[in-house]
Structure formats: C-alpha cells, structure tokens
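Morning, everyone. Please bring up the model on your screens, and we will walk through it together.

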Amino acid sequence: MPGVGAAISAAWGAFTASGVGAFLTGSIGGRLLVTVATTALMRQSVKPKDPGFSAKFTQTGADNPLAVILGTYATGGVRFAPPMSHGKAGKAKNAYATFAFVVCAAPGAQLRRIAIEGEWVELGTDPHPDYGLPVLGEYEDRAWIRYYDGSQTTADPMMLATYGDHPDYPWSADMVGAGLCLAYVTCRYDRDLFPSPEPRMLFELSGIPLYDPRRDDTAGGSGPHRWGDPSTWEASDNLVVQAYNVARGIALFNGDVWGGAYDAEDLPLATWIAAMNACDIDEGGVPRWRGGYEAPVSDKPKEVIEELLKGCGGDATEAAGQLLVRVGGPGLPVAFITDDDWLITRDQTETPFPSVTTTYNGARASYPEPESLYAPEDAPARIVPAYEAEDGGRRNLADLSYPAVPYVDQVQRLVYALVEDNRRFRRHAGTLPGAAAMLDPMDTIAWTSERYGYDAKLFEAAEISDDLRRCIARVSLLERDPGDWDVPAEAIRPVTPAGSNATPPDALDVPGFTVAGISIEDGDEVARRPAIAITWDGADLDGVSGLRWSIRDATSGALVNVGETSAVAGGEAIVAAGIMPDQTYVVQAELIAGVPTAPALPAFVTTPDTRLGLADLSDELRAQIDAAYTRHDAALEEATGTVAALRDAALAAYGPLDGVTTPLADRLGAAEGSIAAQDTSIATLQANLNSAQGDIAANGTALAEIGTRITTAEGAITSQSTTLTQLQADLTSAQGDITGNATAISGLDTRVTGAEGDLSALASSVTALQTTVGGNSAAITELQATGLDASAAVAAVETEISAEYGSLTALATATAFAEATATGLQSGYVWSLGGDNVLSLVRVDDGSAPTTTARIKGDYIRLDGDTEVMGDFAIRSGTTGARVEIQPDRISVYDESGALVVVLGNLTGV
C-alpha cells in the first residue's frame, strides 16, 4: 500500500501493547504493587507525574504510542496520515484540509467536545454530508468533524472519494481502522482562524466501556454486565473500576491485551467492590472519588494503576497472588492486640518522629483543568501555620500531582487528608505470633497499650514478613486515623479556573489611522486617476509584519478593494484599483502581527472627481478621433452658415422681432396688401407653370424652349406669402419712470423664386416671446426654416432662450439641422450655453463611410447609472514611466522605467 497507506499500516502495526502479565513481580513472602511502608504523602511527593494530559500536542507517526482513554479525559490524539487538501472555495484552490487522528487505541470511547486553537467549541447537530458535524460560532462553515468509535467496518467515504486517487497518498478501502477511535477534522482555509498550517486540536472523550462487577448479577452484583461481552459494559469515571479493568487487561484494536493477566479470583471482589463503593459516596452531588486518564500503551500498567489509585487516596498490594486495594482512610480493624501480644524474645522498635526531610507541614498540588484544555493548574496550597510552628517555624511543602483527577475540589480533599495523615508520626515494628501470620498489608490493627498510652489506637500493617515454620510474622505498623479523611467544608476553597477563553491582552489597533481622497498625477502634474490615501503612524510598531485594508462602497456596501502592505514603517498606502471618481467609500484597516489586533474604526472618504482625459487614449485612436472631429467642426461650421442664412431670410420677411412699435392694425393692413399682391404673382406664376407643364406633356423636346421663354420673357419670377400675428401690451408705472412691455409674435413666410431657369424655395416660421421691464428682459425665439435650390436642400430649427438683468446675460441655444447636397449628407444637433457649444452631435456621409461624432465640453462631466463603452478604445494612466493601459483585449502595467511587467488578456505581440 503506497503513500499514506504504508504510513498508516506501519503506524497501526507499531502500536503494540506491553507484554501481558509481566508487570507485577516480587517474592512469594510479600509481593507488593505499591510499598506502603511510608505514608501516601511521602510516596507521592518523591516523583510527581506531570498532571497534564500526555499528548500536549498532537503527535505524528508510528513512533508515537497510542493511548487508551479511561473515564472522562482529553487527548491530542496521534495523527496517522499527513494533512491532505482538496476542493475549491471561490477562486481558492485546495481550500479544504483534512486531518486524521487516532484518539483511542480501544473501541467504544465517545466524543464529548473538541477544542480548536486553544478554545472549546460548540458542535452542531446537523451533519455535513461529507465532513460530519459542523463546528459552530466563529468556526461555522470553516471546520467539521466526523468521529468513529471503533465499530466502523468500512473506510471513511469522504476520504475514499476525495483522496482515493491522490498522487502521493492514495486512500484505499482497507483503511478502516477497525477497533480504533478515529476523528477526521476538515478545515476550510482561513488565515485568521487558523494561523498555522496545522491547527491545534484537543478531543475530550468519555472513556472506553469498562466492566463493573457490581453490575454483573452472575458475580454477586446486580445488572447485565458480563466479562465476556464488552457490548454490555459502560464508560465509568470510577477510578477503582478503571484500575480493575487495567489489572484484568484491556483488549486493544489489534487483538493484543494491555494490562495485567489477573484472573477474576486474583482480584477478590470483597476488597475491590468495597473500594468501588467508597469512590461513589456522594460528595456534594458528585461521586467523592472520580477521574479519568489517558493511558499510553507504552506505559507499564503498574504505573497507570498507581496514578488511578492516587486520585482516590487508594493503595494496592499483592498478597498470596491476589491484588488487594483500599481507598481513603484505614478500614475496620481485623485484629486487636495489647502489649502482651508482642514477642519479647524478638526486638521491638519505635520511631516516634520521622526525619526532618520527611516531615511535611503542608502540600501543594497540580491537576489537569478541563476549562484550561487539561493543562496543569495549581490547586490552592494546604498551609497549616500550627504545623509549621511545631516544626520550628520551617515550612516544608510536599509537591504533588494528580494527572487522573481533573477536579479541583477533589484535589483539595486529597491534599487535606494526606497532610493530616502525614502528621501521624508513630511507627512500630515487632514480631507477633499466631494469627498475625494471616495479616495482609494494609490491614488495620487496634492496639491498646499501657506502655504507650494507646486505647485501641489504629495502626496499619505496612510491611509483613512471614515465618510460616514458626507461625510468626514480623510486622511494621503505621499510625492511622480515619478522621483525617473527613474533610471539613471550609477546607475547600473556591477556585475559578483561568479557562481556555481567558481575557486576552489588549488588542493592538492602528495608530493614527486616517484616509483621504487624492488624485494621482502624471509627470506633467496633471491629475489622472482618483485614489484613496491610507495613512497611519508607522513608528515603533515592533513585531508588526504588515497592514491589511478593505474598502467598500458607502451606499451599497459592495466590496471594492482588499489588500495589504508589508511596508508598515512607511505609514502610507495609496489605493487606486477599483476606485471611482466622486464616490464615497468606507475604509477599514488592521495590523498584521503575532499578537491580538483590532481593526480601526471605519473611516468615510469621498474621492475627487478625477476622470479619464484625452491623454488616456492611444495615439492611433486619438488620431482617428481628431480626424473625425475635424470633419465634425467643418460640417458644423457649414451648417452654422446655412442656418444663419435661413435666419436672415426669415428676419428679412418680418423685420426685427424685438421692440416692435408699429401699431398692429397698420402691420396687418400692410401685410394683407402685400399678400394680395403676392397672390396675383403666385397666380400668374402658377399659370405659366401649368402652361409649361402642358407643353412638356405635349412635347418633351420643348422643355429648353420653355426655360428660355421664362428666362427671356419673364426674367425673374418671385412668389411670396406672408402671415403675421402680433400681440403687445405696454405698462407704465404710476411714477412714470418704469416702462414694461410684453410682446408675442407669430409669423409664417413662404417664398418661391425663379431666375435664369432655376427655381428656389424658402419657408420659415418664427415665434417670439419677449418681456421687458426697465432695462431687464427675457425672451424666447424659435425659428423653423427650410430651403431648397439647385445645389442643396436644408432644414433647420433653432430655439434661443435669453435673460438679461442689468449687465448680466444668460443665454441658451439649441439648433438642429439637416442638409443634403450632391456631394453628401450632413445632420446634427448643437446645444450652446453662454455662447459656447457644450454638446454637438454631427453625422457626415461623404460617400466613403458615414461618421457620427459627439463632442461634450464642460468643466465637470459625470455619467450616472450603468455605462457601457462599445467599439475600440484605449485608456492610459500615462504615456511614459509607471502606468496602466487598458485596451479592449488586454490590460498592461508598466514599471517606473517604462518596462512592461504585467499583461492580462491577449498576449499576442507581447
């Protein structure tokens, strides 16, 4: 099996258990698991074990042993495969990473919770179809876990489907991990949540199911448990139940047995069940002695049992091939003796006080605190001033550790009892006859002594050396008192764990953070692009590696730009990408550092109205535009002359339209007389035209003669029809010094002229409104005119709006024209403000290619709404040096030397 298959196979094959049944050794006369010749406090203070869980960090590879989880406890697990990545998130490739852990070497442990990057997290209940249960809170949609309790029979489907064809680490169907508790954690890439490539993980489990003889009705208990059927077992936090299972042996995933080879009869239920029950005594609503442990299979089971029994104040010893246990204080006495029971023929010793180095007057202890991710925490120390005074004012504290007790109150009870027990100084040794030979280590004796003043004083048999031939026993006794284990409530001090979510240090903000809208200038100091300047105080920012920012549209909230810079000391970053002119944005920024940071308060900024100019166009396109506008201007100039001629002709028909003074009746009479005369001329002309048309119908060859006749006989023919309507009102103020006038004129004029054989026609319409008060006036004039002669046809409309106030004049003009000649077509529309053409639209067709041009002239020009540019174009931020050029098929970026450094799009010719 290549790649990870080989690695996993090697790892699982290397996780073997210790040899079975070889961890308890000793002589037949007195084989001790734990020596009890000294007090428990003295034994525990000799070599305290690190109280934290054994895998402070996730271990990797087959060289690291697996562990069995007993009771409620945490583990970092052993990673049995390299991290592997897959999938896409947006545009990011390999956005998901999967981490595979073995968290227990025996089946049945259940996942309680998980910690990621130093914090306990909440798991959801709705599993992802591929990745398992989601992690909620800040890790939502960023982390998932799929857990197997060792009962699995097939490989994880996601691992098989995703990595089955991995080029380096193919996942195969035989990678099941049967009998192993496995956790597959999938994380989506997020640098803020996962600052390191391999996130720190911690798994809290309820331990493997354990056999409890108290729940086996075939062993004198009550319940369904059966030693031969692990499916009937349950997880247990009872430390003696855990020790019992280790002593009998725990079956691992590969069929090996880790633990002692003790049969059921070698673990007398009388002592073991009594110890189990002592652990379950209610203590404030919880069992008195409870715990959990991560037991590496590389550890000797003897050492594990020691740690478990430490957590309940227990001891164990082996006598006559049986393993005996006791929890807490001394048991009931099994023998009562007096001074007369000692053999006076054998020496008898007394040690009323131990040495100074073994006289402890207090203790301190550490333990794994769950809220601190099972890291070692110090329980409140037990300091007794009275004992220090007895010891001459010298403080001598024992250092203890309880890796199997993640409960601070229980640790304080243990420390209290052990300090009190350690102050029982008396030691006796001597030889007792007869029944004493039947004593076991840890048995309790009641001694009444006139010599020492004892009245049924309790002693514990610490060591026993039997002489079976003489039926005597050499016994070493330790002073004990069950009252030492009655811990008063006031001895338990409340403790608030630091916790994994302790208050972090003050976050580092962005000092002196400001933003401003600026324009980027070219080498000629011409503003070319809008931009945002982000500034901050870059001095003394030790340990800060960069600054990142985000820019959003202030109205829509759309993300416009994100970026970062490592030039923190410079204190400035200029952002132009995606920035539009005359737009308001919201800018946020945050430092990048190995310490907690906080984003700066959002800052609003409006960019200057800096837009694209002629310099942004390519030379070729600029030449084409210049040529087009040359034709535009020529056509416009010609049209302007034509429209002026039409205007002059119309005014000649009506006279000046402002300041009309001729009485309306006179003007109308003159007009009517003129119209009558014109009607006669029109009738004559019409008769001649009809005659000419008849002749043409009779003989087409007579057309030249008709023209000659008209030219010779009639010389010039002119026909005109004019109508004029005028309304006028005059007003003089009471003082007589202010005169007001309002005039409305509407006129229509038509003319047909024939000269030298050519006919020309002109029609015009004029509407004029004007008001005048004093020296101020307002006027609206609209001229409509059409003209036709032998060379061209033209039509035009012109509207002029003006207002004069004192020396100030406001003027707006709109002109539309169309002209057709033998050489081409021209049409256009011109808007003029204050005499300047601000918008002109012209179309010219000279027979080659029609060209439409538009020219906008203004100090500021803005396009609102969606804007689309079609056709060829080129936009340049400069012509030399560092610049950006945008063309329809590519974007080019040049450095300060003018060298092309980046091209996006069409690479042809690059």
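Start with strand S32, residues 544–553. S32 and S33 pair in the antiparallel sense, over six bridges. Here is one link in that pairing: Arg552 has Leu559, in S33, as its bridge partner. For anyone new to this, strands of a sheet pair through backbone hydrogen bonds, either parallel or antiparallel. Keep in mind that this is a predicted model.

Now widen the view. Which strands make up the open sheet, and in what order? There are four strands, and the order is S33-S32-S35-S36. The pairing is antiparallel. Two strands sit at the edges: S33, residues 559–565, and S36, residues 603–606. Each of these edge strands pairs on one side only. From one strand to the next, the twist averages 25 degrees.

Next, the nonpolar cores. How many residues does the largest one have? The number is 114. Leu70, Trp171 and Phe203 have the most contacts inside this core. Strand S6, residues 92–104, gives the most to the core, with nine residues.

Zoom in on Leu70. Leaving out residues up to four places away in sequence, Leu70 touches a list of others, including Gly207, Ile208 and Leu210. Further along the chain, the list also includes Val246, Ile250, Tyr293, Val304 and Leu308.

On to the cysteines. A disulfide is a covalent bond between the sulfur atoms of two cysteines. The nearest cysteine sulfur belongs to Cys181, and it is 4.5 Å away. The cut-off for a disulfide is 2.5 Å, so Cys104 is in no disulfide.

Is Cys104 buried or exposed? Cys104 has 1% relative accessibility, and buried means under 20%, so Cys104 counts as buried. Compare Cys471. Its relative accessible area is 39%. That value lies between 20% and 50%, so Cys471 is partly exposed.

Last stop: Pro83. Where is Pro83 placed? Look in the loop between strand S4, residues 78–79, and strand S5, residues 84–89. Pro83 has a relative accessible area of 32%, so this residue is partly exposed too. Which residues does Pro83 touch, not counting those up to four places away in sequence? They are Thr98, Phe99 and Glu198. Now find Ala97, 14 residues from Pro83 along the chain. The C-alpha atoms of Pro83 and Ala97 are separated by 6.5 Å.

That's my tour. Over to you.

Terms used:
Residues numbered from 1 in each chain as written. Predicted model: local features only at pLDDT ≥ 70, side-chain atom pairs only at ≥ 80, totals over all residues. Heavy atoms only, no water. Buried < 20%, exposed > 50% of the residue type's maximum accessible area, 1.4 Å probe, protein only. Contact = heavy atoms within 4.5 Å. Core = buried A, V, L, I, M, F, W, Y, C linked by side-chain atoms within 4.5 Å. Pairing = 2+ DSSP bridges. Axes fitted to C-alpha atoms, helices over the stretch in contact; angles between N-to-C directions.
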